[in-house]
Amino acid sequence: MEQRRLNPRRARGSLLGCVAAVLLWSVASAQIRYSISEEVNEGTVVGNIAKDLGIDKNTLKDRKYRIVSDSADPLFHVNQNDGILYVSRTIDREAVCAQSSACLINLKTVLENPLEVHYVGVEVIDINDHPPRFTEEDKRLDISESVLPGARFQLKPSRDQDSGPFSVQQYKLSPNDHFRLEVKDRGDGDRIPILVVQKSLDREAAGSHSLVLTALDGGKPPKSGNLNILVNVLDVNDNAPVFTKDVYSVMLDENAPVGTTVIQVNATDLDEGLNGEVVYSFSNSMNQNILNIFDVNPFTGEIIVKGSLNYEDKDIYVVEIEASDKGVVPLTSEKSVIIKIVDINDNAPEIKVTSFSNSIPEDSRPGTTVALISVNDLDSGPNGKIICSMDEDVPFMITPSFEDKMYSLVTKSPLNREKQSQYDLRIQAKDAGHPPLSSEKTISVVVSDVNDNSPEFSLSPYTFYVTEGNDPGSSVFSVKASDCDENDNALISYHILRDGSKQNKITSFLNINSENGDILALKSFDFETLKTFRFQVVATDSGTPSLSSNVTVNVFILDQNDNAPVILYPVSSNGSAEGVEEIPRNVNAGHLVTKVRAYDADIGYNGWLLFSLQEVSDHSLFGLDRYTGRIRTLRSFTETDEAEHKLVILVKDNGNVSLSATTTVIVKVVEPKEAFAASDVQSSATDEEENNVTLYLMITLGSVSVLFLISIIVLIAMQCSKSTDYTSKYLPETNYDGTMCHSIQYRSGDKRYMLVGPRMSVGSTIVPGSQANTLVLPDRRGASEEILRQFGFFK
């Protein structure tokens, strides 16, 4: 459409050019001027030079009419046939004439033969074909936010290649609140736009302003060009850093390792550049202790654990943080950071014994306080709640006190030092943390002795066997008592209980070592005089008050072979052991010549007598029974046998070191008549002698019977009291063998013993170690009957 609008103008221009050329021709014969509009099409007729110069067309061709030009691509050319001037190519006035107000192109034309020069001027008329243009499309202006309203900033003007009315005629600024536009006219047609600040700038409110400056030319319609103006508001350090939170608070475990990030604070500064760069630091008012525990990253604002934390030392920290910008005059803000330390169960309970008695009497009542115990845990909450306990298998317990975290160690049952004299009590304190921590403490409690135990003898009663003939003043036996107490309460002294009774007269011949219980006999015992006795020993401790106990001591005197056999028959009138026996010559073999009777005051083997022929005139004639002492003939007498025979009889006991006695028997062999006479005389003497022996035997049997009855009574009494009893009897046997037998019965525990002579009762048992003279009686009644039967009381 624009092109269609342009062609009529070009036609009108051509016409005007022709008219002008005629006029110019009339004014100046030597010069022709044409005018055309720029941007006309190629081949457009500028004018008819030949006509305007009055040159014949034939002449033009003959004389080679042409345009002289230095350009290889001229703007115009002339037709030699008709002399019309044509446009050779599109003409851009701005390219040909730049910014000149009038654009005139001078052409030199020539005719040859002769040479004739004609000058033709072509004026190129400007059209509005160029919009205004700024030298740059975008313009950045840096304006400090501190500038005052009215500040002016000159901008580069827009350029329009067109001229005249088609050049820049006015400027317009896009609407805004902070700037306005002023245009300065320099008088040469140039107009200078000026940007004026009309309102104070605030970079923090608007860091930049985008403006559009429009340049308009005088065309109809006008063409325009735009300049994008970016006003960058330069920062001024007029804003202090501002923290993003009003309150900073954080929970931190007390065992947080070094390097742990506690919290990150953040502050922003609305300024920019160095004015908006924020660095963090601790306030100068901070305590050095906090500075030793925490550190802050100056660039990120991270608060970092620097040292060890302990809830028990401090449970909350208030850290003052400063945020500063990097302006020339830095602006600073402060903020408090509250760091609350979270308690971790890192402290085991502590056990302290505040009051302790390491010794407690064994007679203390249950509930007696032994120690006061305090427990403490530096942790808090459940981590600091403590449960105190101890072992259950001890006579002590832990009881809480009225005061918090205080406990009492008390006895819960009676004590007995004799069973256990010391207790190592393990006390455990455990908190309620997760996981729980515990600690232990061992308390040693010594149970002190109280004199609550009497001395105890090792045996009760004591039974001792003492061989007769002991050395006077020597220790014969000893008793021993012990006391479960200790120290003075266990220090024992001994003494013999002497009550002055007839039964205890024997104690006057005894003495006891008060320290060790050794008992000394002040005289020698004689079995034949005293066979058994008893007394009591008292053991007393040294406690306060003292305690004592006594024990019965039964003493049995053991026989010793200290009595030699005594010949009872034959005994001569002068007291010598010699007898005469007469026998008829006509006696047969086996005739009883006589019987040797002997007595030994000892008992057992020491009183068991054996007979032997020590000397005999004819061994083939007489024989001796070694147990009974009977002398019998071994054969009949012959006429050649002597009338008198001497027999020496040896009587010895069975002691370890045997004692003996000898007697002589003279056997006279007589004729039968003499034997009868002699037998009458002898029988009268024998009757008298046997009467004496019978008297002795009756006395002996009476004594034995009395002793037996006493023994039975004592035995019954001791059985009733369930204590060790004993019986003693001295039993002579007056049977035909002439040997006196003795026996002693006694009881020790559940067994009864009897010391017997040469004959042993049927069913008796020899006890090992009794030197073969001690028998165990299986039945009291049967044994007694057996003993009596042995000695002739029963048949």
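Student: Between which two strands is the loop in which asparagine 487 is found?
Tutor: This is a predicted model, in which local features need pLDDT of at least 70 and side-chain atom pairs count only at pLDDT 80 or more, while totals for chains, interfaces and linings use all residues. Residues are numbered from 1 along each chain as its sequence is written, and side-chain values use heavy atoms, with hydrogens and water left out. Helices (H or I, at least four residues) and strands (E, at least two) are DSSP runs, numbered from the N terminus. Asparagine 487 is found in the loop between β35 (481-482) and β36 (492-496).

Student: Why does asparagine 487 count as exposed?
Tutor: A residue is buried under 20% relative accessible area, exposed over 50% and partly exposed in between, with a 1.4 Å probe and protein chains only. Asparagine 487 counts as exposed because its relative accessibility is 63%.

Student: What is the phi of asparagine 487, and what is that of glutamate 39?
Tutor: Asparagine 487 is not a glycine, yet its phi is positive, at about 55 degrees. Glutamate 39, in the loop between β1 (31-37) and β2 (45-48), is partly exposed, with a relative accessible area of 23%. Glutamate 39 is also a residue other than glycine with a positive phi, and the value is near 70 degrees.

Student: Is histidine 209 buried or exposed?
Tutor: Histidine 209 lies in strand β13 (residues 208-217). Leaving aside neighbours within four places in sequence, histidine 209 is in contact (heavy atoms within 4.5 Å) with residues including His178, Leu201 and Val233. Because its relative accessible area is 11%, histidine 209 is buried.

Student: In the open sheet of three strands, which are the edge strands?
Tutor: Two strands pair if DSSP finds at least two bridges between them, and this sheet has the order β43-β47-β46, with antiparallel pairing. The strands that pair on one side only are β43 (592-595) and β46 (622-624).

Student: Which residue of β47 is the bridge partner of leucine 592?
Tutor: β43 and strand β47 (residues 630-633) pair in the antiparallel sense over three bridges. In β47, the partner of leucine 592 is arginine 632.

Student: How much of the protein chain counts as buried?
Tutor: The secondary structure of the chain comes to seven helices and 54 strands. Of its 795 residues, the part that counts as buried is 42%.
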